[in-house]
Amino acid sequence: MKHEAWWKKSVIYQIYPKSFQDDNHDGIGDLKGVINRLPYLEKLGITVIWLSPCYQSPMDDGGYDISDYYEIDSIFGSMADMDELIATAKKHGIKLLMDLVINHTSDEHKWFKEALADPKSKYRDYYIFREGKDGKAPNNWRSYFGGSAWEKVPNEENMYFLHAFSKRQPDLNWENTDMREAIIDMINWWLEKGLGGFRVDAILNLKKPTNFYKSYPADAEDGLSSISKYIANQPGILDWLHELDDRCFKKYNAFTVSEADVPDRDLIDYVGPNGVFSTTFDFSYSDIALPSNGAWYMLRDWTVVELRERIFNHQLKAQKIGWGVQYLENHDQPRSISKYIPEADRNDTSKKLLATLFMMLHGTPFIYQGQEIGMENITTLNLDDYDDIATYEMYDRALIAGLSKKEAFDAVVKRSRDNSRTPMQWSSEPHAGFSTAHQTWLKINPNYTTINVASQEHDTSSVLSYYKKLIDLRKAANPYSEVTIFGEFVPVVYNQENIIAYQRVLNDQALLILINLSNESVVVDVDKTFKYHVLDNLAPSKIEDGELVLKPYQSIILANYI
Ligand code: GLC
Ligand code: CA
């Protein structure tokens, strides 16, 4: 069954709705804006949209703090707009995935409000309330964003609630059957609308230990211990997830991609033939620069050899167990060009190289809005200009760890999640054609005058056109579509530290992908069967006497047939 799955042939495009297109001139992107841009997305060739949350929310964490799962937040429009979006997208051959955020709600959700207002209410047990110990929180867990994972309940003696993310995102108590039933109803209600499925947020965290009263070894200067070690992928979680699959996802043949850093040994339970999700995101190469305690103010150096190992490793295990998804960017990551390529080498060539590297891997590709035109990190904001809550938490953590204000701020500029959340750059008009409001909710990257859709749309050598070509390779009419989608990933290892090379093989069809991730020319041997050029990010190179010169940042796709 999973073999014929529709989503294997999909190319997915992530929209962060606040930043995609503002239709009603208030400086914030909205659903009507998305509808207006569907022709653009169809032309690009994508077939599925993953829409980051647009449910009712106080926007403490960009909408990942939901106060009503059954409402669209008024900044984005209405439920009628959502229905129109689903229907219109369908006409453009595009399915919609919503973000499913069920580890926590907003503190403004009616369940949590009831739980606070009346400790005897049944909603109290929908969340995780515990008494403190020795005048302090039950334990020293650090939330994912920083600071204690426990927040004191106002007006109650010695009482705390658990939040793995911000203190305005209380964790739900999955042990509670009524709460689980309510979530199941909600998921089916949405699937009934005709969604393609869900991107499932922070899902590994549902199961909490029964005893919270322990002291854990601190893993940083703040005396706290990262919560991920204690709540991620705990025994018992799979029962609940299987229930969601059986009672919701399966019935609708829905695609589900989990945001879950699943350890290798458990991968089969999550995405194997009887796994709970269609597939899962891998973090091993997107977080290559992160230390294990998640403190992104201390990014580590990495090498191309290490990157290659992580990519290969992931590919080999994903294709063996199930089906992977590939991505370079999302709303939590900095822009890929700013992350993977040294400043002096950032240009259209290296952007196209990154596109080749990831789009040709085995698995369904996810493109994040703006990636297809090579949008970059924003380097011109002041600290106050940032909106993202995690940015401020990490800045504070950096200061506690002893960094100077300047060092902490430099880390923010490099890694803040707002790097990818600046508005989409459509044109060189004011506010990049994103909005006609006086001001936008987050500042626009000033490089919009040169990096924008309008300037690339009709330029066959642009990054955008290159993405289209890569997407085209997956279309049925293309002679390379079957091997690009289904071909086995086979690593090719050269004794060259800056080369990433692999083949995709399907019966007698084969592609060879060569990536030179350096600013020096490198000579590689190429099997003579790879005679045909499929795509190059620079002028095609000639193979002479079985050797090929890869120019700086050149990427080449060769085939053994035409
Ligand atoms: C996921 C989302 C992130 C959000 C967090 C809490 O990691 O991708 O944006 O802040 O979950 O919901
Ligand atoms: Ca708007």
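Colleague: How many nonpolar, polar and charged residues does the lining of the second largest pocket have?

Modeller: In this predicted model, the second largest pocket has a volume of about 970 Å³. Its lining comprises 34 residues. Divided by class, the lining of this pocket has 17 nonpolar, seven polar and ten charged residues.

Colleague: Which helix gives the most to the lining of the second largest pocket?

Modeller: Among the residues of the lining, S338, K339, I341, R346 and K414 lie nearest the centre of the pocket. Two helices, α10 and α13 (405-415), each supply at least two residues of the lining. With six residues, the helix that gives the most is α13.

Colleague: Which helices each supply at least two residues of the lining of the largest cavity?

Modeller: By class, the lining of the largest cavity consists of five nonpolar, three polar and two charged residues. Its members include S336, I337, K351, L354, V463 and Y467. The helices that each supply at least two residues are α10 (336-340), α11 (348-359) and α15 (463-472).

Colleague: How many charged residues has the lining of the second largest cavity?

Modeller: The second largest cavity holds about 50 Å³ of space. Y16, K18, D60, D61, G62, D387, D388, I389, R417, R421 and W441 line this cavity. Three residues of the lining are nonpolar and one is polar, while the charged residues number seven.

Colleague: What kind of aromatic pair do Y13 and F20 form?

Modeller: With ring centres within 6.5 Å as the criterion for a pair, the count comes to 37 aromatic pairs. For Y13 and F20, the separation is 6.1 Å centre to centre, and the planes are 65 degrees apart. Planes over 60 degrees apart count as edge-to-face, so the pair of Y13 and F20 is edge-to-face.

Colleague: Are Y13 and F20 buried or exposed?

Modeller: The cut-off for a buried residue is under 20% relative accessible area. Y13 has a relative accessibility of 0%, and F20 likewise has a relative accessible area of 0%. Y13 therefore counts as buried, and F20 also is buried.

Colleague: How many residues apart in sequence are the parts that the pair of Y144 and F165 ties together?

Modeller: Y144 and F165 form a stacked pair, 4.8 Å centre to centre with 20 degrees between the planes. Y144 lies in the loop between β7 (141-142) and β8 (150-152), and F165 in the loop between β9 (159-162) and α5 (177-192). At 29% relative accessibility Y144 counts as partly exposed, whereas F165, at 12%, counts as buried.

Colleague: The charged end of which residue sits over the ring of W190?

Modeller: W190 belongs to one aromatic cluster with Y55, Y69, Y70 and W189. Elsewhere, the charged end of R37 sits over the ring of W426, 3.7 Å from its centre. Over the ring of W190, 5.9 Å from its centre, sits the charged end of K193.

Technical notes:
Residues are numbered from 1 along each chain as its sequence is written. Chains are lettered from A and ligands numbered from 1 in the order in which they are written. This is a predicted model: local features need pLDDT of at least 70, side-chain atom pairs count only at pLDDT 80 or more; totals for chains, interfaces and linings use all residues. Side-chain values use heavy atoms; hydrogens and water are left out. Rings of Phe, Tyr and Trp (its six-membered ring) pair if their centres lie within 6.5 Å; planes under 30 degrees apart count as stacked, over 60 as edge-to-face and the rest as tilted. Buried means under 20% relative accessible area, exposed over 50%, partly exposed in between (1.4 Å probe, protein chains only). Helices (H or I, at least four residues) and strands (E, at least two) are DSSP runs, numbered from the N terminus. A charge sits over a ring if NZ of Lys or CZ of Arg is within 6 Å of the ring centre and within 35 degrees of the ring normal. On a 1 Å grid over the protein atoms alone, a cavity is a set of points where a 1.4 Å probe fits but cannot get out, and a pocket is an open set with protein on both sides within 12 Å along at least five of seven lines; lining residues have an atom within 4 Å of a point. Ala, Val, Leu, Ile, Met, Phe, Trp, Tyr, Cys and Pro count as nonpolar, Asp, Glu, Lys and Arg as charged, and the others, Gly among them, as polar. Grid points are joined across faces, edges and corners, and a volume is the space filled by probe spheres set on the points.
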